[in-house]
Protein chains: 2
Amino acid sequence: MSDHLVIFTPSGKRGRVPDGTSVLDAARRLGVDLDSVCGGRGICSKCQVTPGIGDFPKHGVTAAATALSPFNEVEARYDRIRGLAEGRRLGCQARIQADALIDVPAESQVHKQVIRKAASDRVIEMDPATRLRFVQVPQADMHAPTGDWERAAAALAADWGIEDARLPPSLLPRLQPALAEGDGGITLAVHEAADGRIRILDLWPGLHEGALHGLAIDLGSTTIAAHLADLATGRVLASGGVMNPQIRFGEDLMSRVSYAMMNEGGAAELTRAVRRALGDLARQLAQEAGVAPGTILEAVLVCNPVMHHLALGIDPTPLGQAPFALATSSALDMPAADLGLEINPQARLYILPLIAGHVGADAAAVALSEGPGKSDDLTLIVDVGTNAEIILGNRHRVLACSSPTGPAFEGAQISAGQRAAPGAIERVRIDPQTKEPRFKVIGCDLWSDDPDFPAQSAATGVTGICGSGIIEAIAEMRLAGLVDRQGLIGSTEQTGSARCIAQGRTHAYLLHRPEDGPGDGGAEILVTQGDIRAIQLAKSALYAGARLLMDEMGTDSVDRVVLAGAFGAHISPLHAAVLGMIPDCPLDRITSAGNAAGTGARIALASLAARRAIEADVRAITKVETAIEPRFQEHFVAASALPHASAPFTELTRAVTLPEPAFNAGGGERRRRRRSADSA
Amino acid sequence: MSDHLVIFTPSGKRGRVPDGTSVLDAARRLGVDLDSVCGGRGICSKCQVTPGIGDFPKHGVTAAATALSPFNEVEARYDRIRGLAEGRRLGCQARIQADALIDVPAESQVHKQVIRKAASDRVIEMDPATRLRFVQVPQADMHAPTGDWERAAAALAADWGIEDARLPPSLLPRLQPALAEGDGGITLAVHEAADGRIRILDLWPGLHEGALHGLAIDLGSTTIAAHLADLATGRVLASGGVMNPQIRFGEDLMSRVSYAMMNEGGAAELTRAVRRALGDLARQLAQEAGVAPGTILEAVLVCNPVMHHLALGIDPTPLGQAPFALATSSALDMPAADLGLEINPQARLYILPLIAGHVGADAAAVALSEGPGKSDDLTLIVDVGTNAEIILGNRHRVLACSSPTGPAFEGAQISAGQRAAPGAIERVRIDPQTKEPRFKVIGCDLWSDDPDFPAQSAATGVTGICGSGIIEAIAEMRLAGLVDRQGLIGSTEQTGSARCIAQGRTHAYLLHRPEDGPGDGGAEILVTQGDIRAIQLAKSALYAGARLLMDEMGTDSVDRVVLAGAFGAHISPLHAAVLGMIPDCPLDRITSAGNAAGTGARIALASLAARRAIEADVRAITKVETAIEPRFQEHFVAASALPHASAPFTELTRAVTLPEPAFNAGGGERRRRRRSADSA
């Protein structure tokens with residue numbers, strides 16, 4: 001009877017331990033994930049377990065009620081002061097005295113799994129880079145005089161196996177007062193970087209069990225979004241976003257690069273603006289969640305390469321021209337204070353690695369979130385913005401590129417285009433028979449043909465059309481036979497619709513008349529021939545990028561398509577397919593991943609293992625540069641048609657049985673083209 | 001003839017290398033210390049060598065004039081532009097084509113030896129922690145997009161074997177402009193910490209050969225002294241000192257600790273004062289040497305534990321009482337900016353390790369300078385200040401302690417005492433026959449019995465007596481029979497000197513009368529019975545500390561005594577021996593090391609190997625805490641006598657043949673002692 005069988009659930013790990021071994025020690029020996037901050041002193045309660053009693057034939061063990069030592073004084077005191085749930089034991093106090101089956105509840109696991117809020121059942125396994133560690137530091141000994149920090153470091157090594165921890169000199173002044181207040185006991189916030197370096201980020205007297213927090217920041221060209229999360233549980237306490245204030249220097253990235261190039265001190269101005277916004281957002285989230293900024297010990301930042309460089313104070317000019325040289329591409333683990341974040345002064349900022357000159361940390365975050373390299377399916381992930389980042393891969397190989405789609409998908413370069421904001425048309429349907437449209441605007445739940453629409457949409461009005469709206473409008477126009485394969489809008493005579501009105505030698509489709517309501521006296525909203533050309537250019541670029549990666553992979557088809565990003569979340573897979581934005585794929589295999597970059601940032605915030613994994617994955621990704629690939633141009637030219645009748649259409653719920661129209665382009669457009677060639 | 005014998009002088013290293021190997025490559029292969037910044041591109045000239053021609057029987061080689069390839073175009077160009085001394089070759093260009101003897105001149109060695117200015121012939125071997133490294137960074141490649149920094153780091157690894165170098169994020173913005181300006185060539189200031197971590201501290205376009213500088217700072221309680229040196233050559237370009245501004249918070253360390261304890265924010269006030277002074281001194285030295293503050297990339301700081309903690313912003317209160325707990329005792333390698341030094345923003349500050357609660361980085365620096373652990377002789381090193389740091393050791397074992405001598409040796413607690421400043425009596429002689437004194441004051445080269453003394457000393461006056469002056473005065477009084485073994489001053493009747501005047505029940509010796517000149521109308525300068533008691537207490541503490549270490553070492557005698565520090569440089573070994581300040585030792589084995597702590601700081605500044613060595617040495621030192629050793633008290637009590645006739649006296653050049661006097665203490669002193677016991 002000198003040792004006993006012990007089985008831990010849910011891990012199933014098992015082994016024999018000597019009689020009298022504490023459950024916590026047994027867990028450590030068997031590699032079972034059982035939390036502890038105080039290191040087994042019975043004061044932190046993180047190591048709570050639930051012993052099983054009875055027969056467990058599946059596990060091959062019978063556990064008596066006396067398998068563990070009786071409830072002891074330490075547990076009783078803890079129960080009195082803080083309460084211990086029925087059946088729970090402190091793992092550091094309960095000793096194994098017979099064969100036992102012991103369950104580790106989720107809240108006692110460090111590497112607990114957190115279900116993502118998104119529809120998918122993907123989980124994040126917690127593996128926080130920063131953890132609280134209590135140590136009892138032996139008194140100074142005049143015969144062996146070492147510093148208090150050196151004794152604390154020795155205790156960290158002895159009790160926790162944490163070697164070579166560094167205390168920043170600026171924390172030294174707080175060490176001795178904390179030790180004095182805590183009677184030699186001290187809690188350290190121990191941070192491990194992806195490269196294995198160990199730093200102390202903060203310290204408290206005695207046992208400190210306060211929550212530590214982190215920020216996951218998705219720094220986009222247009223908006224900056226962030227989540228404030230609990231570092232131990234992964235729970236999001238506050239989320240928010242602000243406009244990227246750099247917008248006043250240029251709507252799209254390249255105009256900001258130009259601003260930096262053309263204006264003395266321009267890059268510094270852009271840097272100041274974005275850092276100020278990051279600081280404001282951090283403050284705002286802390287306030288909203290009601291947490292002290294000093295408890296925020298980590299931040300994770302994902303962004304595209306231009307934003308990356310501007311945030312770091314690096315002039316992005318080299319990113320504006322071949323060879324698109326990044327100043328640095330590795331993941332960075334740096335003081336958050338370097339970016340002016342007013343959180344804990346020692347807080348670390350982790351920036352995901354960049355994949356290539358046009359494929360940034362945001363794309364790396366998408367890869368981390370979607371894990372193309374973990375899939376048997378060949379998955380195509382597109383994150384559409386001013387540039388589309390495209391990732392194609394499976395467990396054998398992952399490729400990435402970016403494609404210059406331009407801002408049309410974001411509503412820019414569209415005659416009635418606008419940002420996705422209240423009043424913007426975001427959904428469109430056109431009756432194939434009558435050619436009459438109906439639509440929905442952001443901020444109103446009703447379709448425009450609902451009798452209550454004029455009243456309900458009075459607050460927002462109908463102000464324009466956003467990216468997902470123009471996609472649907474053009475796709476519906478194509479499905480309704482209003483637009484031919486070349487993208488030409490037919491005349492009223494050709495289409496039979498009075499909404500096709502002449503504009504010079506081309507035509508436009510009248511999507512909305514102010515007199516139809518809500519009576520805001522706004523302008524007509526038209527889809528013009530120019531709008532269709534702009535979307536054709538954008539979608540051709542996107543399609544060509546995807547095709548280029550498929551060529552490189554040696555395939556003609558993909559198993560799955562994932563639409564990432566805010567835009568991806570709003571466009572309908574059907575309409576994207578009608579437009580030929582993405583390679584052919586069964587409609588039910590086209591899914592939206594929502595803000596996958598933001599999710600990737602949250603995963604990196606929650607997990608050190610994830611940081612290490614994405615750093616390795618990014619190194620292994622094959623980068624394809626579209627700008628220098630002649631085949632990109634070929635695919636681009638070939639992709640301008642609006643296919644309409646390709647494979648996915650057979651799966652449409654609505655019948656698509658219209659004859660294939662073909663409209664002649666007016667001479668006007670040819671003349672225009674000649675004119676612009678003359679003036680070039 | 002496929003390989004040749006090559007012998008390098010002065011190292012004597014030899015080996016065979018393939019025909020056509022460059023001298024630089026041969027040196028690297030054979031481990032010969034031959035400098036290079038450009039990595040063998042023929043542009044930096046650091047690798048100059050002088051080939052020998054003829055028979056070298058001692059080396060067993062005959063070298064033809066054609067042993068090296070002819071002077072080539074690169075060398076010719078270098079010679080045209082910058083000049084190459086007669087007979088010199090560039091080691092990276094000259095190729096070995098027969099047996100050769102090659103001399104590496106001192107200026108081409110990294111680890112060149114620098115003779116210390118002090119009288120000793122000790123040398124500092126240069127081993128700079130920060131060195132310039134040129135790398136040619138390959139152009140960005142769109143097919144393998146890595147950041148410019150990653151390619152620079154790869155070049156550092158390939159060309160220089162420097163792995164895992166870190167570029168601080170704040171230098172990233174300067175990387176690409178420097179690469180652009182240098183056509184991909186860039187010079188990096190590469191710093192290696194004692195723990196092996198590699199950091200880039202600065203960078204320049206192309207090949208940069210500007211000098212890098214460092215500060216060696218000796219932060220004393222009273223004065224702060226610093227040297228500004230060239231990091232590559234060790235040459236001191238400027239030296240200077242300022243008073244420690246903390247003096248206004250307390251003359252001695254313990255009164256500053258009290259100030260910190262008793263005043264809210266007191267420690268912070270002390271920290272601000274000393275940091276400001278350090279900053280001022282750094283600025284002053286840079287200005288004096290005419291170097292840009294940005295070229296100062298390193299600083300080394302030595303100081304006692306209280307100054308150490310105050311400089312780092314740590315409340316020193318725990319150092320004021322047992323167990324004298326240090327917040328940290330390890331060497332620190334930290335940003336110099338943390339102490340507010342306005343030098344290069346990335347500059348590193350190295351602080352030597354502390355030995356114990358009362359034995360600081362200054363004592364470690366003394367150990368580094370004097371190397372007791374390298375000596376066969378058992379060496380006693382005493383560095384006298386308010387506390388005396390005492391080190392005893394030989395190559396088998398080194399011990400250290402500190403002893404609370406109090407401020408008497410610095411002129412405090414002495415009736416006419418003052419700091420060592422112009423006007424202070426620093427040397428004293430008393431004629432054993434006439435009992436008449438003569439003395440010298442700081443700021444005047446004449447003895448006071450010189451007829452010109454009154455005129456020459458008019459500028460300084462005779463204002464008081466400094467530490468070395470009081471030592472000599474009392475020792476001379478003892479030698480002249482004016483003071484007995486117990487330290488009592490005799491009366492005129494007992495001594496036959498009218499200068500022994502009554503003061504209550506004790507006597508005082510009149511060292512200087514204002515009417516004797518220089519006619520400044522100052523006060524009389526007396527050596528009182530109280531002065532002798534104060535010096536007896538101080539010297540007993542010093543002696544007892546030394547004896548304690550000798551007991552621990554199991555010895556009754558030492559082979560050498562080294563007096564370190566400003567005080568040690570000024571006191572005469574003879575008089576120290578007469579007073580019994582130090583254990584018996586032949587007078588010619590008592591030497592002064594001058595400012596050994598400052599020298600240690602300079603050595604640490606010059607040499608990374610020295611930093612590593614002293615860190616290891618300090619760990620190995622046996623620390624003895626005088627405060628808790630009962631034998632310290634025993635030695636202290638036994639040491640109060642003034643021995644006068646002990647061993648060293650037989651070596652005196654002046655005859656010491658006076659009868660041994662013995663004076664009765666007056667009842668006054670006994671009464672005083674009783675009174676203070678009553679009031680305690």
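Reader: What area is buried between chain A and chain B, and what does buried area mean here?
Author: The area buried between chain A and chain B is about 3500 Å². Carbon and sulfur atoms give 59% of that area. Buried area is the accessible area (1.4 Å probe) that two parts lose on being put together, summed over both. A:Met142, A:Gln176 and A:Arg197 supply 20% of what chain A buries against chain B, more than any other three residues.
This is a predicted model: local features need pLDDT of at least 70, side-chain atom pairs count only at pLDDT 80 or more, and totals for chains, interfaces and linings use all residues. Residues are numbered from 1 along each chain as its sequence is written, chains are lettered from A and ligands numbered from 1 in the order in which they are written, and side-chain values use heavy atoms, with hydrogens and water left out.

Reader: How many residues does the contact take from each chain?
Author: The contact takes 43 residues from chain A and 43 residues from chain B. Contact means heavy atoms within 4.5 Å.

Reader: What makes B:Arg166 and A:Asp195 a salt bridge?
Author: A salt bridge needs a side-chain nitrogen of Lys or Arg within 4 Å of a carboxyl oxygen of Asp or Glu. The closest N and O atoms of B:Arg166 and A:Asp195 are 2.7 Å apart. Therefore the pair meets the rule. Across the interface of chain A and chain B, the rule finds 2 salt bridges.

Reader: How many residue pairs are in polar contact across the interface, and what counts as a polar contact?
Author: There are 20 residue pairs in polar contact across the interface of chain A and chain B, both residues at pLDDT 80 or more. A polar contact is a pair of N or O atoms within 3.5 Å; within protein, one must be able to donate a hydrogen and the other to accept it, and residues adjacent in sequence count only if both atoms are side-chain atoms. On the side of chain A that touches chain B, the elements that give two or more residues are α3 (148-160), α4 (172-181) and β17 (332-335) of chain A. Helices (H or I, at least four residues) and strands (E, at least two) are DSSP runs, numbered from the N terminus.

Reader: How do the residues on that side of chain A divide?
Author: They divide into 22 nonpolar, 10 polar and 11 charged. Ala, Val, Leu, Ile, Met, Phe, Trp, Tyr, Cys and Pro count as nonpolar, Asp, Glu, Lys and Arg as charged, and the others, Gly among them, as polar.

Reader: Why is A:Ser607 called buried?
Author: Buried means under 20% relative accessible area, exposed over 50%, partly exposed in between (1.4 Å probe, protein chains only). A:Ser607 has a relative accessible area of 6%, so it is buried. A:Ser607 lies in the loop between α15 (596-606) and α16 (608-620) of chain A. Leaving aside neighbours within four places in sequence, A:Ser607 is in contact with A:Glu125 and A:Asp127.

Reader: Is B:Glu615 buried or exposed, and what does B:Glu615 touch?
Author: B:Glu615 has a relative accessible area of 18%, so B:Glu615 is buried. B:Glu615 lies in helix α16 (residues 608-620) of chain B. Not counting residues up to four places away in sequence, B:Glu615 touches B:Ala194, B:Ala331, B:Tyr350 and B:Pro353.

Reader: What makes A:Asp377 and A:Arg560 a salt bridge?
Author: The closest N and O atoms of A:Asp377 and A:Arg560 are 3.7 Å apart, so the pair passes the rule. A:Asp377 lies in the loop between α8 (361-370) and β19 (379-384) of chain A, and A:Arg560 in strand β28 (residues 560-564) of chain A, so the pair ties together parts that are 183 residues apart in sequence. A:Asp377 is partly exposed at 25% relative accessibility.

Reader: Where do A:Asp551 and A:Arg631 lie?
Author: The side chains of A:Asp551 and A:Arg631 meet in a salt bridge (3.7 Å, N to O). A:Asp551 is in helix α12 (residues 529-553) of chain A and A:Arg631 in helix α17 (residues 630-638) of chain A, 80 residues apart. Salt bridges that share partners join A:Arg547, A:Asp551, A:Asp556, A:Glu629 and A:Arg631 into one network.
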